[in-house]
Each structure stands twice: as C-alpha cells, then as structure tokens.
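Visitor: I would like to learn how to read the features of a model such as this one. Please show me the structure, and then take me through it.

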Amino acid sequence: MSALQSSSETLSGLIADERRRFLEEHPRSVALSAQAAAVWRGGVPMHWMADWASPAPIFAAQGVGAELVDVDGRDYADFCLGDTPGMFGHGELAIANALADQARRGAGFMLPTAAAVLVGRLLAERFGLPLWQAATTATDANRAALRWARAVTGRDRVLVFDGCYHGAVDETFVSLASGAPAMKAGLVGQVHDEAALTRVIPFNDVAALEAALAPGDIAAVLAEPVMTNCGMILPEPGFHDALRAITRRTGTLLIIDETHTLSTGPGGYTRAHGLEPDIFTLGKAIAGGLPAAVWGVTADLATRMDAAQARIGPGYSGIGTTLSGNALAMAAMRTMLTEVMTDAAYDRMQAGAARLVAGLEGVIARRAVGWTPVRVGARVELVFAPVAPRNALEMRAALDHDLLAVFHLWLINRGVLIAPFHNMMLVSPMTTDAQIDRLVDAVDGFAGRLESLDA
Ligand SMILES: Cc1ncc(COP(=O)(O)O)c(C=O)c1O
C-alpha cells in the first residue's frame, strides 16, 4: 500500500499520538481555548480560526517575518501567513511605521487623503487598469464587481468555476454535484436558491464555457486565474485565451480575482500572463494584512458604468462600506506598493518557492509517494495525487481528509504552519532557507512515517 492509500484506520494511531503531543506541548493555548469558549461562540472570534488540525487553536503571540510565536513560546515557520494577508511577512517595519503615523493623525474621515491619489496611480501602473475603487475586503470587492457587471450588462446571471472561492459572496456558493449546479452545503440562512442565477462549470473546460455563455445571458465570469481554493489548479495552455475570446464574443464581462495569485509576480498573474480583464479584484495582502481591498476597471467599462449610473440615479448603491478606503488602509497600501511589494521582494519569494519545490520533489522521489507540487510564483500546493488535477472534480477525488488532517497536525508539531484548508504553502520575502528546509524535513519525516505505517 502506498502512502497515498493509507486508510483512516492505519492513520488513527498516528493521529492520536500527534494530538496527545500537541496537548502536552501547548498548555497555555489549551487553557486560553477553554477560557475563550466561555465568551466566543465556538471558542474563537471567527469560526475559521477553529478549522486547524490541532485539537485546540494555537493562540498567537506575535509574528516577525515568516516566524510566528505562540503563547507557549513555541515558534513556527509560517507558510500560512494568515491565509495570504501576510504574504510579504509579519511585522513589516515600513507598514508598522506608516500605520502608527497615520493612526496618530486619524484613522479615517470618509474623505480621501492625498495618499489616495498616489495609491490609485500606483495600482494603475502596476496592474494596467486605469480606474479604481476601494473596498473593505476582497469579498466586498467581488460583490461590487458582480453588482456592477449586472448593472452594466442588464443581465442577471453570473458564471463561476466549480470549486471556486471568492469570499462570502452568496452567488458564488454554487458547485457541481454529480454534474448539476447546487448550492454549497453549509451555507447558513440563505433563503434564495443561488443555483438559479449562477452557472457553474469545470475549470479548464472550454466546451462547457462555450455552451454556458452561448445564450448571451451571463453578466460576468468571475474567476481566479489559477484556482487556489480547492487545492491549486493551473489553467491549461490556451484556457485564458479562450476565456477572454468567448467572454468578448458573447458580451460577457471578465472579472479576474487576484487575491491569492498576487503571489505570481509584481503585477499578479494578470500582468505576468498578459490577461485582459474588464474588472480586476484584489484583497488580503494589498494593505499588509489590514482589512482593505481594491478593484479596477477598464476605461471602456468605466464609461458604461457612468451610463448605468445615470440610468439608475442617486440613492443607496448597495456597494461599499463605511470603512472602505479609509486613511489607514490608504497609508498601508501606499507603503505596500512603494516599499514592500518590490521586484526584489518578489525575486526572494520566487527563489524561496523554487527551493521549496525542489525540496518537495526530492522527498517525492526518495519516498516514492505519488504526490505533486503545483506552484504559482510564491504559492506552492502539495497535491496528494500523482498528477495535478485539472478541475475540482478531479481534485475532490484525490482528497483524503484524514491524511490531510494528520499531515497538518504533524507539521504543526514540528514547528511548521501551512494554510489549514489544504496543502497551500506561501513563501514570503522574509522566509529563510532554514525555514524552507524545516518544512521540507517535516514533509520528509511524514512521508517516512507513512512508509513505516504501510510496511
Ligand atoms: C480568491 C479569493 N478571493 C476573495 C477572497 C475573500 O477574501 P476576504 O475573506 O478577505 O474577503 C478569498 C478568501 O480566501 C479568496 O481566496
């Protein structure tokens, strides 16, 4: 039996050992977790914080660069980086200084600051779209993009790819179940059938895209350029060209969500691969971990938005929140765009990710496990399948939840954090070779342990 096929029965002893070890080594996190349960529903301020493989949440004390230290004084090489907001490292001094400076002068006024002019220019230069708006998180940016797409095209429907995640955007909570669109399980309190107005098709399926857009009733396709939320799925050669050609031909707007793929390079996947979205959305890392997001539009779309606005007239737009584009967020974005997200930083991230992939490939070869690393710039996914899946259906077939859970806990117990939802590993410009080697060694140890279980 290969490591990939280790059954949950085989793994149960290992899981029990790892859970015991975690509880012994994290007394303070365990105690805080008990106290938090009395005041936070589910024991944490936001329920995702309980989604980690550890038997109690790790309570963070501080992060410096790519190191996170918990309340028990244990340090971790952090490849989760807050699930992307910390892509350029924790505790970045330039950001801390910019925030402190702005906070002393006021956090927000519902008025623009001079920094907004510079930030807009820098976004336009970097990402290639001329006109921008701010939002509070990537969720809000995507919601705004979809609303405007509907307003401009006069069409109700949207299209997303099976396995997508674009934030808490209701109409994207649709996936393919036995080939048919269905609302995702777990959606709380939703009374509308989101599958009624959202078409969902497999990623990389040009024929399905042609068929779905042919009726000419889809306002927009909302897509990550690389799917990063159901494992990581790369576009096949020609897929983005086809996506752009078919959307153009059918009068469908193309929204590219770069929230995670900003890892690709200084201008995101869009600039690196010459994509031409009508709307570009971006959150998480853009303000160094502060809640802030931006979305940009082409000049042509801006003109159409103005015309739609004239038709709609004044009133509550349903777009934007009080804190969107506040002075603190602008100060953080200005610093990110000028001092942190530099070409040199990206060079370090790329070199680190290359080292990580080489290390993982070494483990895979040495241990003869059928795993595959997939990489987009500084973002690496270790897929527990011999061939990189080309859509969510294939990815789901490869998923072994028990194996993932014990793998993540194994890493935590060896001082390594990766994103809790799947095997996503993000390399920051501050990640050291020693931290990368620690991750690779932990993966090697895990693969070795599986071999011994299977023997
Ligand atoms: C691709 C993508 N877009 C948007 C979002 C939403 O980001 P936020 O939760 O910060 O609103 C996420 C969150 O994981 C994401 O992965």
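**Reading the model**

Guide: By class, the shell around the ligand holds 2 nonpolar, 9 polar and 3 charged residues, where Ala, Val, Leu, Ile, Met, Phe, Trp, Tyr, Cys and Pro count as nonpolar, Asp, Glu, Lys and Arg as charged, and the others, Gly among them, as polar. This is a predicted model, in which local features need pLDDT of at least 70 and side-chain atom pairs count only at pLDDT 80 or more, while totals for chains, interfaces and linings use all residues. Residues are numbered from 1 along each chain as its sequence is written.

Visitor: How many residues surround the ligand, and which are the closest?

Guide: A residue is near a molecule or strand if its C-beta atom, placed from the backbone, lies within 6 Å of it. Here 14 residues surround the ligand, and the closest are Thr137, Ala138, Thr139, Gly167 and Thr259. Helix α5 (residues 138–153) gives the largest share of the shell, 3 residues; helices (H or I, at least four residues) and strands (E, at least two) are DSSP runs, numbered from the N terminus.

Visitor: What is the order of the strands in the open sheet of 7 strands?

Guide: Two strands pair if DSSP finds at least two bridges between them. The order in this open sheet is β4-β12-β11-β10-β9-β5-β8, with mixed pairing. β4 (131–135) and β8 (198–201) each have a single partner strand and stand at the edges, so one side of each is left without a neighbour in the sheet. From one strand to the next the twist averages 20 degrees; axes are lines fitted to C-alpha atoms, for helices over the stretch in contact, and angles run from 0 to 180 degrees between N-to-C directions. Within this sheet, β10 (residues 253–257) and β11 (residues 279–282) run parallel and are joined by 3 bridges, with Asp257 opposite Thr281 in β11.

Visitor: Which helix lies across β9 and β10?

Guide: Helix α7 (residues 239–249) lies across β9 (218–223) and β10, running at about 145 degrees to β10.

Visitor: How should I read two packed helices?

Guide: Two packed helices are described by the angle between their axes and the distance between the axes. For helix α6 (residues 206–213) and α7, the axes come within 10 Å and cross at roughly 10 degrees. That makes α6 roughly parallel to α7, given that angles under 35 degrees count as roughly parallel, over 145 as roughly antiparallel, 65 to 115 as roughly perpendicular and the rest as oblique. The contact (C-beta atoms, placed from the backbone, within 7 Å) is made by Val206, Leu209, Glu210 and Leu213 of α6 and Phe239, Ala242, Leu243, Ile246 and Thr247 of α7. These residues divide into 7 nonpolar, 1 polar and 1 charged.

Visitor: At what angle do helix α4 and helix α10 pack?

Guide: Helix α4 (residues 114–127) packs against helix α10 (residues 327–340) at about 40 degrees, and their axes are 9 Å apart. The two helices are therefore oblique to each other. The residues of the contact of α4 with α10 divide into 9 nonpolar, 1 polar and 2 charged.

Visitor: Which residue is the bridge partner of Ser175 in β7?

Guide: Strand β6 (residues 174–177) and strand β7 (residues 180–183) run antiparallel, joined by 4 bridges, and Ala182 is the partner of Ser175. The hairpin of β6 and β7 has 2 residues between the strands, and in it Ser178 takes a positive phi near 50 degrees.

Technical notes: Contact = placed C-beta atoms within 7 Å.
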